[in-house]
Amino acid sequence: MSKSEDFLPYAKPLLGLEEAAEVLDTLKSGWLSRGPRCTKFEQRILQFVGTKYAVAVNSCTAALFLALKAMGVGPGDEVITTPLTFIATANVIVHTGARPVFADVEPQTLNINAGEVAKKVSPRTRVIIPVHYAGQACDMDAILNLAQSRGLRVLEDAAHAICTTYKGRMVGSIGDATAFSFYATKNLVTGEGGMLTTDNEELANRVRILSLHGMDNDAWKRYSAQGSWFYEVLLPGYKCNMTDLQAALGLKQLERIEAMQALRRQYAAAYNNGLANLPGITLPRVANDGGHAWHLYVIQVDEKEAGISRERFIEEMKKKGIGTSVHFIPVHLHTYYKNTYGYKEGDFPVAEKAFKKLVSLPLYPRMTMQEVQKVIKAVRDIVGIGSPDGGDES
Ligand SMILES: *Cc1c(COP(=O)(O)O)cnc(C)c1O
């Protein structure tokens, strides 16, 4: 079982000949940095999510950071987010000079708890960053109502949530702005890459300008026939633009996104069936209308009931040739956050309790149904329940 070709990695992107051909065409075109394919990819994304503006950048981290800057967040301000997220969500708050404030999660969905957010709002609060954990939408009505009543902006971290819907609306068209990730493990892959979507023209323009040194809007066109050598610098910006090579991948990935999502849903349903009612194994809970993008399939392993610790569970899975991951180490427990802001164990008990049990199983369209069944069998074997009816296939 330790032969590397037998190992099922925790994640692996699905890229085809279409992506390869588009990248080759891009190389032939000579546009290696930001060019027409970035503009086309922005158009396609804004049509897809149903928003007015989209700005392509080099990561979701950059999209979050630039959006906070464009919203005017800085020293003396506070931004509220969930502790159960990737470190990037909180680091970008720190980089603006603002203070990261956390609000605990709901035990069912592991999404930020709007009631907890309300308790953390202060006169310094400027922005709420809800994270659509695993691809399931947060309680956006409650968050938007709170934001409206307290004069706050809502910046959604949708790194897991391309294709997530909330009450029939696509994530990306709901809050003041939304940041997507196209990192190698995410539902739509450009290697590295991100996108900010918004209906706010001024915000979109500011993010675009900040992403390219602070140069005015069409500075990238200066190397094309319509361009001129002249550009104006309006602000000291950053260098966070997407490249056409990334956009080439994104354009072709977007053409196959529905097919990829159908496989994610199918595999999640197979896990729901194959792993139902196992002792000490809690399956992901879908809260309301089920507009789940199934970026992650996160189970919780309860040491007492399952008879195995989460750490040993992960080791046993590895021995059986299956990679897993943990999403996430709560941000407030990282050394920097403890030392700088005085956060400590016990501050966010729901997130901490869940964290100790979390295991993300492999879930991606590059997998086969046989591989999904292999994961199911491994989990059942580890908790001592054996295969579901007839599922054993040597
Ligand atoms: C992956 C991820 C990010 C960062 O995305 P990048 O595109 O790698 O910058 C941010 N937030 C969450 C919740 C993520 O999972």
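Let's start with Ser-360. Leaving out residues up to four places away in sequence, Ser-360 touches Tyr-10, Leu-296, Tyr-297, Val-298, Thr-324, Ser-325 and His-327. Contact here means heavy atoms within 4.5 Å.

A word on the source. This is a predicted model, where local features need pLDDT of at least 70 and side-chain atom pairs count only at pLDDT 80 or more, while totals for chains, interfaces and linings use all residues. Residues are numbered from 1 along each chain as its sequence is written, and side-chain values use heavy atoms, with hydrogens and water left out.

Back to Ser-360. This residue lies in strand 12. Helices (H or I, at least four residues) and strands (E, at least two) are DSSP runs, numbered from the N terminus. Is Ser-360 buried or exposed? Ser-360 has a relative accessible area of 1%, so it is buried. Buried means under 20% relative accessible area, exposed means over 50%, and partly exposed is in between, with a 1.4 Å probe and protein chains only.

The side chain of Ser-360 also makes a polar contact of 2.7 Å with the side chain of His-327. A polar contact is a pair of N or O atoms within 3.5 Å; within protein, one must be able to donate a hydrogen and the other to accept it, and residues adjacent in sequence count only if both atoms are side-chain atoms.

Stay with His-327. The peptide bond from His-327 to Phe-328 is cis, with omega near 10°. Phe-328 sits in the loop between helix 11 (310–319) and helix 12 (335–341).

Now two backbone angles. Most residues other than glycine have a negative phi, and most peptide bonds are trans. Trp-294 is not a glycine, yet its phi is positive, about 45°. Trp-294 is in the loop between strand 10 (281–282) and strand 11 (297–301). At 8% relative accessibility, Trp-294 is buried. Cys-163 is another non-glycine with a positive phi, near 90°. Look for Cys-163 in the loop between strand 5 (153–158) and strand 6 (165–166). Its relative accessibility is 15%, so Cys-163 is buried.

That brings us to cysteines. How many disulfides does the structure hold? The count is 0. A disulfide is a pair of cysteine sulfur atoms within 2.5 Å. Cys-163 is in no disulfide either; its nearest cysteine sulfur, that of Cys-60, is 15 Å away.

Cys-60 leads us to helix 3. Of the 11 residues in helix 3 (residues 60–70), 9 are buried, so the helix is largely enclosed by the rest of the structure. Among the buried ones are Cys-60, Phe-65 and Leu-68. Cys-60 itself has 7% relative accessibility. Ser-59 caps the N-terminal end of helix 3, with a side-chain oxygen 3.3 Å from the backbone nitrogen of Thr-61. Just after helix 3, Gly-72 takes a positive phi of about 85°.

Next, Asp-77. This residue lies in the loop between helix 3 and strand 2 (78–81). Its relative accessibility is 13%, so Asp-77 is buried. A polar atom of the Asp-77 side chain lies 2.9 Å from the backbone nitrogen of Gly-74. The side chains of Asp-77 and Arg-126 are joined by a polar contact of 3.0 Å. Leaving aside neighbours within four places in sequence, Asp-77 is in contact with Gly-72, Ala-98, Arg-99, Arg-124 and Arg-126.

Last stop, a helix pair. The axes of helix 2 (residues 36–49) and helix 8 (residues 244–255) come within 8 Å and cross at roughly 35°. Axes are lines fitted to C-alpha atoms, for helices over the stretch in contact, and angles run from 0 to 180 degrees between N-to-C directions. Which residues meet there? Those from helix 2 include Phe-41, Ile-45 and Phe-48, and those from helix 8 include Ala-247, Leu-251 and Leu-254. The residues of this contact divide into 9 nonpolar, 1 polar and 4 charged. Ala, Val, Leu, Ile, Met, Phe, Trp, Tyr, Cys and Pro count as nonpolar, Asp, Glu, Lys and Arg as charged, and the others, Gly among them, as polar.
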